[in-house]
Structures are given as structure tokens and as C-alpha cells.
Amino acid sequence: MTFLDFTLKNLLRRPIRTILTVMGIGVGIGAVVALLGLARGLSQSWNDAYKARGTDIVVRKGSGLQAQPFDDKLVESVRKTPGVDIATNLLVETLSIEEVPLMIISGREWGSYLWDSLKVVQGRLPNGPDEKAVVLGTLAAEALKKKLGDTVMIETEEFAVVGVVDGKAFVENGSIFLNAPHLQRIMQKENRTNFINIRLAKSADPQAVLKQLKQELAGYRVDTAHDDTSTNDGVKTFEAMNWGTSAIALLVGTFGVMNTMFMSVFERTREIGILIALGWRQARILRMIVFESVALCVGAGVIGILFGIGLLKVLAVTPWMSGKLEPYIGWDLSAEAMLLAVGVGLLSGILPALRCSKINPSAALLQ
Amino acid sequence: MRLGIFLTTIVCALSVHAEDTKGWSASQFIAAMKEAKPKGGTLIRVRIEQRNGGEKSTILAQIKRHDMGDGGTEQLYQITYPKDRKGEALVLVTKPGAPFSAKTFIPGKGFTALTAADKRSPLFGTDLTVEDLLVDFLDWNKHEIVGGEKVRSGECTIIESNAPKTGSFPSKVKSWIDNTRFVAWRIQVFDGGNQPAREVEAEDVVRTSGGHWVPRTFSVTNLAKGTKTTVAGTGSDEDKQYAENDFSEATIAAFAQGPGIK
């Protein structure tokens, strides 16, 4: 019997206890996967949107999820910055639209490159800046139950639905698109915008342009498209809250595993005494107990990851999330969860292992 | 109670800075809330969901409010969605020491003045009534602190306000006022009995750009009927300057027509 067989067999001596412990820590790992999957989904959705638009740099004011409005003439000075190929205003609002409690409304400058990233699935794009028309992302059309020729009410005004588009990103597909002046009028934000999207010239050095823009635009946030979401305070807060919740679940799980390992050690005092009497070194005993603990947690990790992914997939199709947030399910998330499981295993196994390795064999054999 | 009281507390009363309120009397709380009344106009956009058993209906509305020169307040409640009800409106004018004046507008039917007998008629078919919008327990003169309790994130003082006249409805209002944010987390309205007839509960409060704490979402439960209306703020604008004719009948009627899609 190998060392591996021996330790695994120990876990199977009390199958119910092992299963319950694995389930306990598995739920904790599952919570990590589910909660971080939601947080990263939020950030990933926006990253995908920037990627789909072909935006390299984003200018905004404020660091929360809702950017503060600023003068839309600022874009003119941005356009003069060396290395900037195209810069365009983007006014984004989240509004309650008809039966949908929250929806992204994207007001775009007529003729800007942002319209080019929208692939028309049905109908057409607005035929000019003045047409009182909107196009809907595929998910938005589904959520609003709208088709071509219908109208949609945005705050106090009605717009004709002239097209359905594939924005090639979850955020874009869940949005309503219209010409910026219409949205400015409805929101009473004439001559205001809340984002400038920048596409760099092919020969430009992104870091140099970024540095230059940061100098020129004091008081504004200037980030690469990727950093705009990853450094966003709202996203960071959401992720921190989810980490906090996960940490509590993991802590509870750690104590559960530790308890199981202590119980196991107490029950096997005599047996461990025999192993020591047979010549097993303290380090080997220590390794055995830690290995048992880690094996428990790796099993829990597998179950937890499957549980977390399953939960995310179910959540993604619920009415609360469908069309609003696409959870992130990636190998890196699973790997992190598995690393955490191993970490929990090491942490919860070390104390019982230390205790076990100090057993006096003669005293243990008398038990 | 319902939208009126809540909006009164939302729009009119909720911005006193955190102070040590230990030892405050009920009247001091009420006075502080009234003192915090913002000046100028406001525009609030709300989403109203009415649940009646398994059925749910949604109304989007805007509420415009402005102070009149004579100390009175004019409020306009206007439906923006659904489309077939766009423009339905209620205009309320209240002046200290004077009876209320109110009228409704239904596109195609025109304006109808409301009388005292219409006070209990529903607002836009929801659990809210005109009376709810009118009643302002802050103006009553019998207030008493009856306890304290934490409601959600707010440490609250419970104030019981009794109607000045016996036999009036509501007879009593109990409000849970946040000790630091001066926002009402819960309001219970009594119609004479010992059990509340209606209850309003805020789900979350936010600070507006003007520095006022306001409930963003609150629910109104008609405990007798078992129906529930949820009102969620979707946008607000303080210090709004309204033109003289923004509250006129012609403007209200024109809103129903809308600019169209041409």
C-alpha cells in the first residue's frame, strides 16, 4: 500500500463525515466561484464592449459605475492630441424603460466610429442625426419585446424602432442606441456627455498618448479601455464585497475541515502511536495528516467549482440577471478556486498535523 | 403612508446634517425635518409597480414640484408610461392653513376638479390615494417619541403623530425617523384602530446631488387588502427652475400628445 493509498483510505473510514466536510467546504468554494464570477462578469462585459467598439482609451469624470457628465466640447481638444486617430463623445444613461427596470441607453454622435461596430441584424441604423429613431441590441429587443416598426418610450419621449443590432458584446446587446442629441434633450443634458471614446492611430504609442492626455485633462480619468473597468471603483467595490462574503464562507469551511481533522487524529491516536513505533518520522506523520486535509479540500474544490459554475449558469437565465449581467466563467477563476481549496486544506490541516506528530508512542499505545 | 407622506419626507424634509439628537423632543425632530426643506423645484422620476395577488402592472411617472410665491406648493404627478395612459395627471396645490386644491387630467376627457370626497380615490389605479399625497403629518401639532429601533441601516426614533381632530382619517401616523439622515425608513398609518391600515417601508436610501438623503425605493402595503405598491426612484433633479406655464393646463394637456416620433 502506497503512502497515497494509505492516506486516502483514512478519509474513507468515515465516509459520511468525509462527505459532509467536503460538502461544507465545497459550498464555500462554490460561493467564491459564483460571487467572483458575477464581479468579473461585470468588468468583462464592459471590456468586451470596448473591444467590440475598437476603443483604446476612455476619458470620463468620476470613478463610479455612473460617470459624471461634462462639457461635450472637451472632445475637440482631445482630437488634437498627437496619436489620437478618432475621438468621440458617448452619453450613457441607465434608465427604467417601459417594463424593464434598468437598461443602458447609449447616445452616440452621428457618424462616429461607435456606430460602425453595430452589425445590423434587422432593419437599419437611423438615417440621420435628426431621425427620432432607436436601434436595439438583440438582448434589449428581447427584453422589451419589441420588433421593427414598434415604438419605445424613453422617459417622456417616444422613438421608432428602426433596427435590431448585434453589438458583439453583452453590454452592447443589452443597450438601446440613439443619436446623442436626442438623449441629451431627454435627460436635459444639452451639450453634456459622460464618456469620450478614443481610437489611437496605428503608429501611436498608447502609453505616450495616455500620459499626454492625463496631463492635458486634469480632473478627468483617462485610462486604457481595459483599465477603465478594472480600476473602476464600482467594480472594485463589488468585487471586494464578493471577496468578503466568500472569505466568510471559506473561514467557516476551514473550521469545519479543521474540526474533522482533529476528530480524525483523536480517533487514531493509538494507530499513529503504532506508526511512530514502527519508525515513521514526525515529518511523515505530519505530511500524512496535511495530505488528508488537502485531499479533502481538493475534492471539495472540484465539487465547489462545479456547483459555482452551475449556479452562475442558472443565475444567468433568471429574470433578475438575464440580459443584464453575463457571469464570467473562466479557467483562471476555476484555478484560483482550486488554489484556495488547497490553501484551506493546508491551513486547516497544519494544526491537527502538528498535534499528531508530537504524540508519544508509548503513551498512545496504552490508550 | 404612502406617496404623499413619503414624498413630503423625501422632498421636503430630509437633509439635516448628522447631529447629536439624544434628548431631542418629538417636536424638535419634526422641526428639524421641516427646516431641511429644500427650496426651489424638483423633478423626480419613479417606477411604480402595483401587485395585486399574482398580477403586476407597471407605471412610469414623473413628479414635478415647485414652491409657489405665496408659501404654497404645487405638485404635478404625470404618467409617462404605458403609452395609452401617457399624460394622465394629478395636480395638487397645498397652502398652509388653506384647503387643498386638486385636479386630475385624463387625455380625451380633460380636467376634473377634485373635492374632499375624492380624497380616498386611488392615484393612477394603484394603492396610493390622493389623501396619501395630501396628508402631511409634519404639520400636525401632536407628536410624541414612543421608542427607538434600527430599521435596515438606520438607527431610528419612532415618533407617533396624532391627528388634530378625533375621528379623522388617518387618525395616527407612526414614523421611524433616521437619527442622522432624517429620512423615514418606515411609516405606519392608522385609520382609527390599533393596527396600522397601511405601511410604507423604505428599502434603501441614497444621497442626492443636492445632499439630501432620500429613499430610492419604498413599498406601500395596504394591510387590509393585502395589495402592495412599490415605488422606485429612477432619477431626480433638485434646484429645478420651472417656467410659469410648466404647470398650466395647456402644458399638461400638450404633454399627453407628446412630440411624437416625427
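## Helix packing and a chain contact in a predicted model

Modeller: In this predicted model, helix 1 of chain A crosses helix 12 of chain A in a right-handed manner.

Biologist: Which residues of helix 1 of chain A make the contact with helix 12 of chain A?

Modeller: The axes of these two helices, the former spanning residues 3-12, lie 9 Å apart at an angle of about 60 degrees, and that makes helix 1 of chain A oblique to helix 12 of chain A. From helix 12 of chain A the contact takes A:Met288, A:Phe291, A:Glu292, A:Ala295 and A:Leu296, while from helix 1 of chain A it takes A:Thr7, A:Leu8, A:Asn10 and A:Leu11.

Biologist: Are helix 12 and helix 13 of chain A roughly parallel or roughly antiparallel to each other?

Modeller: Helix 12 of chain A covers residues 282-316 and helix 13 of chain A covers residues 331-357, and they pack with their axes 7 Å apart at an angle of about 150 degrees. Angles over 145 degrees count as roughly antiparallel. Helix 12 and helix 13 of chain A are therefore roughly antiparallel.

Biologist: Which strand of chain B gives the most residues to the side that touches chain A?

Modeller: The two chains meet through 14 residues of chain B and 14 residues of chain A. On the chain B side, the elements that give two or more residues are strand 1 (41-52), strand 2 (55-67) and strand 3 (73-81). With 3 residues, the one that gives the most is strand 2 of chain B.

Conventions
Residues numbered from 1 in each chain as written. Chains lettered and ligands numbered in written order. Predicted model: local features only at pLDDT ≥ 70, side-chain atom pairs only at ≥ 80, totals over all residues. Axes fitted to C-alpha atoms, helices over the stretch in contact; angles between N-to-C directions. Helix = DSSP H or I, 4+ residues; strand = E, 2+ residues; numbered from the N terminus. Parallel < 35°, antiparallel > 145°, perpendicular 65-115°, else oblique. Contact = placed C-beta atoms within 7 Å. Left-handed = near helix turned anticlockwise from the far one by under 90°.
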